[in-house]
Amino acid sequence: MTQNTAAKSPVTLLGLGAMGTALARTWLDAGHPLTVWNRTPSRADALVPEGAKAADSAAAAVAASGLVIVCLLDDASVGAALDGVDLTGKDLVNLTTTTPAQARARAAWATERGARYLDGGIMAVPPMVGVPEAGGYVFYSGSRELFELHQEALAVPVGTVYVGEDAGFAALHDVALLSAMYGMFGGVAHAFALIRREDIDPSAFAPLLSGWIAAMAGPSVLQTAAQLKSGDYTTDVVSNLAMQVAGTPTFETTAEEQGVSPELIQPYFELMRRRLAVGSGEEDLTGVVDLLLK
């Protein structure tokens, strides 16, 4: 063990899927003593020559370090892996994708077992891990004291963004951003479907689509946030709700002419029409947010 390695805090990592393995290599490269465990032991074989210590059980892995990182399939996997494991005095950081309610329940579960808890939502894919310029980061929520204590180690793989003491907030931020991403993907799929049967090169169309999304999305997101905060949905409106609803038949007719299903855009159009029926035509599209609340 080098002097540099000895100076770094030990880390235990449970879970060696694609993400877990990528995380493991960054801690090893940074000189952190690393103990790893995976339900399928062979997943650790490639990491041992790189300096990792493979534990034969989750309990042994947890016992090896004060800082325990969990990156498993789902919340049920976390419960199964740590069932009966002594967590007294451990700092448990859960990077497993869960719901906000599951994160809060898991935080209470950890506290009952004598551990401090942080929940994390990874906003990166494995190739982004260990590559600062890729822009990946992890949302963290839960104990601020715990986050600040281990921030240096947690920041080794990707950036860190602390979002609050509520343990569910990391998962909520994660799912909210990913939900927006899938909505964008839906719009992109519809756009490509419209040109699919025409003599239009998708590769030539792609920069136009990408640039348009970037130009529209950034300002729109900021304006929606400002309007939600103020409660005034009529401030700085460029294209009001009445005008945009009036234009929706053109999009639906174009889809029909192109032989494209409108199923990706019609639900949003229906929400726009519902909002127009109960709100003001001078509003922005922000009122749609309120219609989604049950």
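**Salt bridges and surface features of the predicted chain**

At 39% relative accessibility, E270 counts as partly exposed, a class between buried (under 20% relative accessible area) and exposed (over 50%), computed with a 1.4 Å probe and protein chains only. The model is predicted, so local features need pLDDT of at least 70 and side-chain atom pairs count only at pLDDT 80 or more, while totals for chains, interfaces and linings use all residues. Residues are numbered from 1 along each chain as its sequence is written, and side-chain values use heavy atoms, with hydrogens and water left out.

E270 forms a salt bridge with R273, with 2.7 Å between the closest N and O atoms; the term denotes a side-chain nitrogen of Lys or Arg within 4 Å of a carboxyl oxygen of Asp or Glu. The two residues are three apart in helix α10 (residues 266-278) and are therefore separated by about one helical turn. R273 is partly exposed, at 24% relative accessible area. Helices (H or I, at least four residues) and strands (E, at least two) are DSSP runs numbered from the N terminus.

The structure holds nine salt bridges. One of them joins R106 to D75, with the closest N and O atoms 3.1 Å apart. R106 lies in helix α5 (residues 100-112) and D75 in helix α4 (residues 75-81), so this pair ties together parts that are 31 residues apart in sequence. Both R106 and D75 are buried.

A further salt bridge is formed by R116 and D91, at 2.8 Å between the closest N and O atoms. This pair links distant parts of the chain, 25 residues apart, with R116 in strand β6 (residues 116-123) and D91 in strand β5 (residues 91-94). R116 is partly exposed at 31% relative accessible area, whereas D91 is buried at 6%. Together with E145, D91 and R116 are linked in a network of salt bridges.

The protein chain has 11 helices and eight strands. Buried residues account for 39% of its 294 residues. Among contacts (heavy atoms within 4.5 Å) between residues at least 6 apart in sequence, 59% join residues at least 24 apart. The C-alpha atoms fill a box of roughly 70 × 45 × 30 Å, taken along the principal axes.

D236, in the loop between α8 (202-230) and α9 (241-257), has a positive phi of about 55° although it is not a glycine. Most residues other than glycine have a negative phi. D236 is exposed, with a relative accessible area of 58%.
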